[in-house]
Amino acid sequence: MNIRLAYLADYPEYIEPLAHLHHQEWGSFYENWTFEIALQELLEAKKTVLPLTLIALEETQLLGSVSLIEDDWLKGFEHLSPWLASLFVLPAYRGKGVGKALVKGVLREARALHPQVYLFNHQQQAYYQSLGWQTLTQSEQQGKTMTVMVFKLR
């Protein structure tokens with residue numbers, strides 16, 4: 001695969017399709033998080049400052065996305081920032097290095113601005129550990145055990 005990363009802000013035609021995909025994937029986790037809110041979040045994505053969203057493309061085919069945001073709405077962890085959020089790879093492209101490329105790309109973006117980046121997830125701890133993330137703690141959220149992880153950039 002020839003994966004190319006770009007800022008979502010440069011490709012507005014992908015904003016609405018991504019908002020639908022994000023809402024389908026995580027809408028049940030965040031209380032009152034509607035498609036309209038997902039869309040608004042992606043419309044606010046910038047380049048080189050937060051919030052930003054990177055997309056992975058192969059030619060013009062959207063493969064996935066990842067965001068770097070100030071606050072990921074995780075109760076009890078509002079003091080931590082920034083957060084890697086919404087890592088999403090379309091099912092047909094999973095297991096092909098797209099997620100890894102997106103994570104590396106967002107960490108490059110964060111490196112100039114922050115000493116570390118955080119994320120939380122429900123079932124992907126081993127994946128993130130394989131990319132160098134460390135477990136910080138666990139937290140019960142919406143009836144699920146979430147693992148809060150950190151990547152130290154400096």
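Which backbone nitrogen lies 3.3 Å from a polar atom of the side chain of Asn 121?

Modeller: The backbone nitrogen in question belongs to Gln 125, and it lies 3.3 Å from a polar atom of the Asn 121 side chain. Please bear in mind that the model is predicted. A further backbone nitrogen, that of Gln 124, is reached by the side chain of Asn 121 at 2.9 Å. Asn 121 itself belongs to strand 5, which covers residues 116-121. Its relative accessible area is 7%, and because values under 20% count as buried, Asn 121 is classed as buried. When neighbours within four places in sequence are set aside, the residues in contact with Asn 121 are Tyr 128, Thr 145, Met 146, Thr 147 and Met 149.

Strand 2 is the next element to consider. Strand 2 pairs with strand 1 (residues 4-7), the two running antiparallel and being joined by 4 bridges. Within this pairing, Ala 6 has Ile 55 of strand 2 as its bridge partner. Strand 2 also pairs with strand 3 (residues 61-69), again in the antiparallel sense, over 7 bridges. Here Leu 57 has Leu 62 of strand 3 as its bridge partner. Strand 2 and strand 3 form a hairpin with 2 residues between the strands, and in this hairpin Glu 59 takes a positive phi near 55 degrees.

There remains the question of charged pairs. Side chains of opposite charge can pair when their charged atoms come close. A search of the whole structure finds 1 salt bridge. Lys 47 lies in the loop between helix 2 (35-43) and strand 2, whereas Asp 10 lies in the loop between strand 1 and helix 1 (15-26), so the pair ties together parts that are 37 residues apart in sequence.

Key
Residues numbered from 1 in each chain as written. Predicted model: local features only at pLDDT ≥ 70, side-chain atom pairs only at ≥ 80, totals over all residues. Heavy atoms only, no water. Buried < 20%, exposed > 50% of the residue type's maximum accessible area, 1.4 Å probe, protein only. Polar contact = N/O pair within 3.5 Å; in protein donor to acceptor, adjacent residues only side chain to side chain. Contact = heavy atoms within 4.5 Å. Pairing = 2+ DSSP bridges. Salt bridge = Lys/Arg side-chain N within 4 Å of Asp/Glu carboxyl O.
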